[in-house]
Amino acid sequence: MGKDVIIACDFDSAEKTFAFLDKFTGRKPFVKIGMELYYAEGPSIVKEIKKRGHKIFLDLKLHDIPNTVKKSMAVLSRLDVDMTNLHAAGTCRMMQAAIEGLTRPDGTRPMLIAVTQLTSTDQESMENDLLIKQPIADVVMHYAHNAKTAGLDGVVCSPLEAGKVHETCGNGFVTVTPGVRFADGDVGDQKRVMTPAEAKKIGSDYIVVGRPITAADDPVAAYERCVNEFCD
Ligand code: C5P
């Protein structure tokens, strides 16, 4: 499986997104489209970025009853993205339904990965708000195991958890890790961060990088730096 850097295109319009992507002459980075951009522009933004030749991770984090998720995934499968996701908290039955919906008539489907516990959730909020009393690391591994059992391809997790996820679910089970920062860069609102080189060492398969690239003075140079540290 190829390691890759995925740029989080957290913009609120197609115009800003294309102004950003136009800087990458000759390179076609793997792009993450999240809720902000998708809700602003709808399916057309996915089609247009795809037409430009980029791979796409559609990060919409589905979580609903199995039938609704299955039917929504069937619609998303027609957008021809490369990767999409859901919340493992929706249960194994919901994840199995998602796979069924996402699988096209010819048997192909985008990669499907699960969010375990969001990195914004900590032990205290999990215990107090969700009444889940186990250690958060155990909950993350349990959800990863559920995702694997349901037939998913991997999980979104903190780079700090990637090694343990591979130990629990095997090296073929993909880890997609946000929370990446350069050693000399701003941490911003991310709490637990790693450099691209550290994420590589710990075994992340894909790093998701937003502001260190999108807010850089030279986004292309920042992207190349990520690729050099993480992929080479
Ligand atoms: O700008 P930054 O590099 O922090 O962007 C990280 C991206 O990864 C954002 O799009 C954010 O929504 C996403 N993400 C995250 N933590 C998670 C899941 C997704 O930061 N646990």
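1. In this predicted model, the sulfur of Cys 169 has its closest cysteine sulfur in Cys 157, at 9.8 Å, and because a disulfide requires the two sulfur atoms to lie within 2.5 Å, that separation is too far for a bond. Cys 169 is also buried, with a relative accessibility of 6%.

2. Cys 231 is likewise in no disulfide, since the nearest cysteine sulfur, which belongs to Cys 226, is 8.8 Å away. Cys 231 is partly exposed, its relative accessible area being 26%. When the whole structure is searched, the number of disulfides found is zero.

3. Cys 169 also belongs to a helix pair, as helix α8 covers residues 159-169 and its axis comes within 10 Å of the axis of helix α7, which covers residues 136-149.

4. Which residues make the contact between α7 and α8? On the α7 side they are Val 140, Met 141, Ala 144, His 145 and Lys 148, and these meet Glu 161, Lys 164, Val 165, Thr 168 and Cys 169 on the α8 side. Divided by class, the residues of this contact comprise five nonpolar, two polar and three charged.

5. The contact of α1 with α3 involves Ala 14, Thr 17, Phe 18 and Leu 21 from α1, together with Ile 45, Glu 48 and Ile 49 from α3. In terms of residue class, this contact has five nonpolar residues, one polar and one charged.

6. Finally, a comment on the loop that joins α6, residues 123-130, to α7, where Leu 131 is located. Is Leu 131 buried or exposed? With a relative accessibility of 64%, Leu 131 counts as exposed, because the cut-off for that class is over 50%. Leu 131 and Met 194 are 63 residues apart along the chain, and their C-alpha atoms are separated by 29 Å.

Key:
Residues are numbered from 1 along each chain as its sequence is written. This is a predicted model: local features need pLDDT of at least 70, side-chain atom pairs count only at pLDDT 80 or more; totals for chains, interfaces and linings use all residues. Side-chain values use heavy atoms; hydrogens and water are left out. Buried means under 20% relative accessible area, exposed over 50%, partly exposed in between (1.4 Å probe, protein chains only). Axes are lines fitted to C-alpha atoms, for helices over the stretch in contact, and angles run from 0 to 180 degrees between N-to-C directions. Helices (H or I, at least four residues) and strands (E, at least two) are DSSP runs, numbered from the N terminus. Contact means heavy atoms within 4.5 Å. Ala, Val, Leu, Ile, Met, Phe, Trp, Tyr, Cys and Pro count as nonpolar, Asp, Glu, Lys and Arg as charged, and the others, Gly among them, as polar.
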